[in-house]
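Hi,

Here is the structure I said I would pass on. Have a look at it first, and then read on for what I found in it.

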Amino acid sequence: MIVALIIACEVGFWVLLAAGLALRYLAKMPGLGAAVLLCEPLMELILLVVTTVDLKNGAEPDWKHGLAALYIGYTVAYGHYTIKWLDGHAAHRLAGGPKPAGPGYGKARTVHEWRLWVRTVIAAAVALGLLQVAIWYVGDAGDVSSLKAWQFGALRAVVIHGLIAVAYTIWPKKAPQGGVAAEPRV
């Protein structure tokens, strides 16, 4: 049931996003579109409650509960960023707004990569916190090794993403020869 709910939350995220942007730019109802976009966090709250109830009802903690924690952490850290990024592109494509700036090159790109890494740290911190609460909640009554493995996975993602940011610091992305460099994204 948890896996189906995670899939439903992911599908719901994109459906609400598409509906909100369509209302905003195609139907010219920006207020209603914003209201629909504000419903996004409700799905993660539902997932959190259902996962907690599942554990409370005696479910053995396993990979599904860990995946739910990482999904919630990811949406907390990257959800608003994703919505804002897509909103900029929708404004450009559907409402004649300016083309959104890309991450840029050189120092601007390096700063962009480090900002993304900070988002990954936030996602991991949320997931680690949720997983630790679940571990304490289950206590000695069940096997929590799967939840601990997901904690290690979240930390591993932070390290790998950090290495990517370090690579952009050491070897900054250069603008294409003869091309116009994109404006850095802030």
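Let me start with a helix pair. Helix 1 (residues 2-26) and helix 3 pack with their axes 9 Å apart, at an angle of about 175°. With anything over 145 degrees counted as roughly antiparallel, the two helices therefore run roughly antiparallel to each other. On the helix 1 side, the contact is made by I2, L5, I6, C9, G12, F13, L16 and L17, and helix 3 brings E40, M43, I46, L47, V50, T51 and D54. Sorted by class, the residues of this contact are eleven nonpolar, two polar and two charged.

Before I go further, please keep in mind that this is a predicted model. The protein chain averages a pLDDT of 91, and 96% of the residues score at least 70. Among its elements, helix 3 (residues 40-56) has the lowest mean pLDDT, at 89, while helix 6 (residues 145-170) has the highest, at 97.

Now the overall picture. The protein chain has six helices and zero strands, so along the sequence the pattern reads α-α-α-α-α-α. Its C-alpha atoms fill a box of roughly 65 × 45 × 20 Å along the principal axes. Of the 186 residues, 36% count as buried. If you take contacts between residues at least 6 apart in sequence, 77% of them join residues at least 24 apart.

Back to helix 1 for a moment. Helix 1 has 25 residues and reaches 35 Å from its first C-alpha to its last, close to the 36 Å expected at 1.5 Å a residue. Its buried residues are I2, L5, I6, C9, G12, F13, L17, G20, L21 and Y25, and they pack against helix 2, helix 3 and helix 4. E10 also lies in helix 1, but E10 is partly exposed, with a relative accessible area of 32%.

K28 is not a glycine, and most residues other than glycine have a negative phi. You will find K28 in the loop between helix 1 and helix 2 (30-37). K28 is exposed, with a relative accessible area of 59%.

Helix 3 has another partner. The axes of helix 3 and helix 4 come within 10 Å and cross at roughly 170°, which makes this pair roughly antiparallel too. Here E40, E44, L47, L48, T51, D54 and L55 of helix 3 meet H65, A68, Y71, I72, T75 and I83 of helix 4. By class, that contact has seven nonpolar, three polar and three charged residues.

Leaving out residues up to four places away in sequence, H65 touches I2, T51, D54, L55, A59, E60, L131 and L147.

Last comes helix 6. At 1.5 Å a residue, its 26 residues should span 38 Å, and its end C-alpha atoms are 37 Å apart, which agrees. Buried in helix 6 are S146, L147, Q151, G153, A154, V158, H161, G162 and A165. What covers these buried residues includes helix 4 (63-95) and helix 5 (106-138).

W150 is found in helix 6 as well. W150 is partly exposed, with a relative accessible area of 22%; the cut-off for buried is under 20%. Not counting residues up to four places away in sequence, W150 touches W63, G66, L67, L70 and L131. The C-alpha atoms of W150 and D62 are separated by 9.4 Å, though the two residues are 88 apart along the chain.

Cheers

Notes. Residues numbered from 1 in each chain as written. Predicted model: local features only at pLDDT ≥ 70, side-chain atom pairs only at ≥ 80, totals over all residues. Heavy atoms only, no water. pLDDT = per-residue confidence, 0-100. Helix = DSSP H or I, 4+ residues; strand = E, 2+ residues; numbered from the N terminus. Axes fitted to C-alpha atoms, helices over the stretch in contact; angles between N-to-C directions. Parallel < 35°, antiparallel > 145°, perpendicular 65-115°, else oblique. Contact = heavy atoms within 4.5 Å. Nonpolar A, V, L, I, M, F, W, Y, C, P; charged D, E, K, R; others polar. Expected span 1.5 Å × (residues − 1). Buried < 20%, exposed > 50% of the residue type's maximum accessible area, 1.4 Å probe, protein only.
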